[in-house]
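Here is a request for a brisk geometric report.

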Amino acid sequence: MDNIIIIAISALGGLGLIAAIILYFIANKFKVFEDPKIDEVEEALPSANCGGCGFPGCRAYAEATVKAAKEKGSLEGLNCPVGGNDVAQELGIILGLEVEATEPMIAVIRCNGSHANSPEKVDYEGVTSCAFAHALYSGEGGCMYGCLGLGDCVDACDFDAIHMNPETGLPEVNLKCTACNACVVACPRDIIELRKRGPKDKRIFVSCINKEKGAPAKKNCVVACIGCGKCEQVCKFDAITIDSFLAYIDFSKCTLCRKCVEVCPTNSIHEINFKPRKPKPENQEVLPPSSEKAITEKPVHHNHNKE
Amino acid sequence: MNKFTVSGSPHIQGDDSTKKIMYGVVIAMIPTVLFSIYFFGVDAIRVFLLAIVASLFFEWAIQKFLIKGPSTINDGSALVTAILLALNLPSNLPGWMVIIGALVAIGMAKMSFGGLGKNVFNPALVARVFLLVSFPVQMTSWPKPAPITDGLADVITGATPLGILKEGLDAGKTVSELTPELPTYTQGLMGEMGGSMGEVSALALLLGGVYMLWRKIITWHIPVSMLLTVAIFSGIFWGIDPEHHADPLFHMLTGGMLLGAIFMATDMVTSPMTKSGQLVFGFGIGLLTILIRMWGAYPEGVSFAILLMNATVPLINKGFKPRRFGIN
Amino acid sequence: MGILRTFALGGIHPVENKLSANAPIETVPVPKQAIVPLGQNLGAPSKPIVAKGDMVKVGQLLAEAGGFISANIHSPVSGKVLKIDNAIDGTGYKRPAIFINVEGDEWDESIDTSADIVSEITLSSKEIIDKIKDAGIVGMGGATFPTHVKLMPPPGKTAEYLIINGVECEPYLTADHRLMLEKGQEIIIGTKLMMKALNVKKAFIGIENNKPDAINHIRELVKAHDDIEVQVLKVQYPQGGEKQLIKASVNREVPSGKLPIEVGCVVQNVGTAFAVYEAVQKNKPLIERVVTVTGKAVKRPSNLLARIGTPIAALIEMAEGLPENTGKIIGGGPMMGKAIISLEVTVVKGSSGILMMKKEESSRIVEGSCIRCSKCTYVCPMGLEPHLLSKAAKLGNYEMAEDEAIMDCMECGSCHYACPASIPLLDYLRLGKLKVGQIIRNRNNK
């Protein structure tokens, strides 16, 4: 009896030992040299494998950064949108490079054609896919630029950062957004844009991309931009341009002075996370800029993150 | 103003529906059910009712409490499974075994895969095999059919023709010696032989098959290729040595051959999607059945053969594609 | 009659509902304002050559072809060009169109407006094609592919047969049927003209056997021409598809991803044949067409000859109004037509029908789970597996969808029609085709 146990143990142990020796030599022989920095970089990355950087996964991005650091000495064009500035700085330390600070971005929904603002004229029946509906018709509210409300952006998001609001029928972005660009690509109507997150998450943008003339645009949606040009006139920083009846605010020039918001006749310019305005109609030209500027001027220096 | 609907084409739909298909199968099973009630009497009604009530209950309960989806007991699929399960059981099976069978069929074979259309194996057959290996004695003592018209005599249990044949041959007897114990072809056609409730009457099964073909619920491919394979292989052995092998017609009429070919193998969910694939599927079932019947430990092999071939369906679907237009 | 010809793979038999089959073609009055969209054909939209304020006559050129695959557009009315602006199209998108305020009904002098039938063919092949091109004729079956392009086979390819499509396999529609009954002689001359243009020796006119009156009428007319043959086809949808029709009439299969000319065939609709006749023999460009206005609740299902640019509301008025409980309006037939969003839409070259569906008919049945019955596979005329493709598209597995030949799908809708679980298979397939098409284009651009 004891014998059997001893034989079994020694046989299996011997087999294991032989296999281990063989494995050791083979592993040594076929060892592939890999820069240990790649592992270090990968460690530092968010490991979301979202593809926002343009590479298939974080490992590939790590390889690319190490290669670029070695060959070019800079990380230009290699941006991890999810990690943002912090990760970029960390990579700089690992790779021994000076990395410029980047501005955090966030996805912004440029349509406010909710059920209330753009009442449904037809009923849609079919698969829940914006891409399909976009090819089929203009939209329940009738606006051919507006949100179709079927949530392709929600499906595209890996970070649980965008959700449909059943009340408005529009998607809403929360703070989990990493600006990975997936929803921007998924939207068949190019409604979603990555914009500067802004100080304390304050930002101003035109929540409409309707390029129609004022009257037909207003017909479908009460909050459509009609291209009246009032915001362009009031803006002191040349941040607003009007092209085919549509205003666009360049976030690299915008100082968040909120003047355009006040003059917009259709409420299509949105301000987010601002304190409620004081009802002082006479003083409004003087007051807001001075108090706002102190906070807002910081981010304007570095904005090499347009694409 | 009128609010119009927008949707992609087509804007009309055929009048076919899952419900119609399922109830079509139920209608096709009516002759078989009636025959089995005729032969096995009140006991058969008991098994049918138990199987149906238990299956519908499990379908409802699982859908409501585990899957938490909309109720699916109206689509008829649970009813089909229940009747098929009952047809696969001997009429004298204890009631609690029938209920276990229903639980296995609905819970294990169907719902655990995600419900209607997602199961890999035929639920009724999984339950039958489960019961067969769990309760071999109860599952293989079949009452001899005694038409209701003969009055309620004591139920005599006995083996199936296939069982008699297998045991006889294993004991060294020849087919001609066994013939007096075996049913005649007419008896086989009408159903006067031992077996599960749905295995007895070939005529009733064929009737149901013709109905389903006419309603286009099934196509001819699986039953024909399966029966043809069985006929050819059993014919070859019978031709070589008729004293030790039963003739093809005997194989056709006995056991679960027709029940399997018409109702079990043709189950849409667990059979291949293309007609060429269905021919292969039928061939495989036929071949496996003959192998099990001749050399296996069990006298009957249709259910095992179908379950084995069910497992190959994804592979068959990959290998046998429909002929595409413009590709030669 | 023996076994009738039809195509081999798949096919369905939807309820025909040809409600307007016995309604003779009536003419719709000229509208007060015509809105003529610039993109009426497959391919590039046309380029306007008139400006705001110009006076135009009926048949005068409004816009010229915007590319090789494009067509001219002529004024369907006489009057003053009000503006060139965006107009809503059937799908709700706004696209450029020419708005004309109608004044009188003055026709261009070159057009022969008499009722005489001109049967003598005097022009050469090239002249015929040029005339067709000038007249802006496109496929009238609904695909709106410019006709002159089809009549000029690419170098190295020659046409052997001309097949005239009188199948009209879509339920409800009867425009082609009526046209064959009332303009049979013109269609035959149009066929002759296209035969000459293509230099083919044989033409077939394919008609399904649910139109015995049209078959007899056309048969009678072609007795004098032994190079034209009427082919009676067994009713089956989608026999009106080019590839299916070629298979049914000459038993040839167009290879996957290729055009009919690959097997020496050119298919033209009967409506196109009639338009060709008018363009070549009467010098009349494509400015009007026959539209079926129908539906189960419609009081007077009719076949109407309407000028391009007429608002469909005027046509619906002719059929005694929009039924109370209309839930869906479809431009074209119920199998392949598009849902129309508003009544401001106007008749275009490709409008074959306006179908008004009742509320209860118009909503879809709720999608159930797939029971793998393979009915979609059985009915697919292209031999695809819609259940597989729809799953691939749903899960975003576009590589698999491409491997399984999703681009072969002709969007006939048979799979969705046949599905017992009412899965919107074609919706998913279209989605898959959109995405796979994008992927293929990106790959080719690299």
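The report below goes from chain contacts to helix packing, a sheet, domains and backbone details.

**Chains A and B**

The model is predicted. Eight residues of chain A are in contact with six residues of chain B. On the chain A side, strand β2 (residues 122–125) gives the most, with four residues. By class, the side of chain A that touches chain B has four nonpolar, one polar and three charged residues.

Strand pairing also links these two chains. β2(A) pairs with strand β1 (residues 4–7) of chain B in the parallel sense, over four bridges. Within this pairing, Ser7(B) in β1(B) is the residue opposite Glu125(A).

**Two helix pairs**

Two packed helices are described by the angle between their axes and the distance between the axes.

| Helix pair | Angle | Axis distance | Crossing |
|---|---|---|---|
| α3(B) (77–87) and α5(B) (123–134) | about 35° | 8 Å | right-handed |
| α3(C) (175–182) and α5(C) (212–222) | about 35° | 9 Å | left-handed |

In chain B, α3(B) contributes Thr81(B), Leu84(B) and Leu85(B) to the contact. They meet Pro123(B), Ala124(B), Ala127(B) and Arg128(B) in α5(B). This contact of α3(B) with α5(B) holds five nonpolar residues, one polar and one charged.

In chain C, His177(C), Met180(C) and Leu181(C) come from α3(C). Their partners in α5(C) are Asp213(C), Ala214(C), His217(C) and Ile218(C). The contact of α3(C) with α5(C) has four nonpolar, two polar and one charged residues.

**The sheet of chain C and its helix**

Chain C has an open sheet of six strands, in the order β1-β14-β13-β17-β15-β16. The pairing in this sheet is mixed. Its edge strands are β1 (25–27) and β16 (338–340) of chain C, each of which pairs on one side only. On average, neighbouring strands of the sheet are turned by 30° against each other, direction ignored.

Glu26(C) stands opposite Leu304(C) in β14(C). Helix α3(C) packs on this sheet, where it touches β1, β13 (288–294), β14 and β17 (353–358) of chain C. The direction of α3(C) makes about 125° with that of β13(C).

Why is α3(C) described as largely enclosed by the rest of the structure? Seven of its eight residues are buried, so α3(C) is largely enclosed. The buried residues of α3(C) are Ala175(C), Asp176(C), His177(C), Arg178(C), Leu179(C), Met180(C) and Leu181(C). Among them, His177(C), Met180(C) and Leu181(C) also meet α5(C).

**Domains of chain C**

The domain assignment of chain C gives two entries: domain 1 (1–22 + 107–363) and domain 2 (375–445). Taken over C-alpha atoms, the centres of domain 1 and domain 2 of chain C are separated by 27 Å. In contact across the two domains are 13 residues of domain 1 and 14 residues of domain 2 of chain C. The side of domain 1 that touches domain 2 has eight nonpolar, five polar and no charged residues.

**Backbone details**

Most residues other than glycine have a negative phi, and most peptide bonds are trans. The following sites depart from that pattern.

A cis peptide bond joins Ser9(B) and Pro10(B), with omega about -5°. Pro10(B) lies in the loop between β1 and α1 (18–40) of chain B. In chain C, the peptide bond from Tyr237(C) to Pro238(C) is cis, with omega near 0°. Pro238(C) sits in the loop between β11 (228–233) and α6 (242–250) of chain C.

Two asparagines have positive phi. For Asn17(C), phi is near 50°. Asn17(C) is placed in the segment before β1 of chain C. For Asn199(C), phi is near 60°. Asn199(C) is placed in the loop between α4 (184–198) and β10 (202–208) of chain C.

Which of these is buried or exposed? Asn17(C) has 20 C-beta neighbours inside 10 Å, so Asn17(C) counts as buried. Asn199(C) is exposed, because 10 other C-beta atoms lie within 10 Å.

Conventions. Residues are numbered from 1 along each chain as its sequence is written. Chains are lettered from A and ligands numbered from 1 in the order in which they are written. This is a predicted model: local features need pLDDT of at least 70, side-chain atom pairs count only at pLDDT 80 or more; totals for chains, interfaces and linings use all residues. Axes are lines fitted to C-alpha atoms, for helices over the stretch in contact, and angles run from 0 to 180 degrees between N-to-C directions. A crossing is left-handed if the near helix is turned anticlockwise from the far one by less than a right angle, and right-handed if clockwise. Two residues are in contact if their C-beta atoms, placed from the backbone, lie within 7 Å. Ala, Val, Leu, Ile, Met, Phe, Trp, Tyr, Cys and Pro count as nonpolar, Asp, Glu, Lys and Arg as charged, and the others, Gly among them, as polar. Domain bounds come from an automatic or database domain assignment. Two strands pair if DSSP finds at least two bridges between them. A residue is buried if 20 or more other C-beta atoms lie within 10 Å of its own, exposed if 12 or fewer, and partly exposed in between; C-beta atoms are placed from the backbone.
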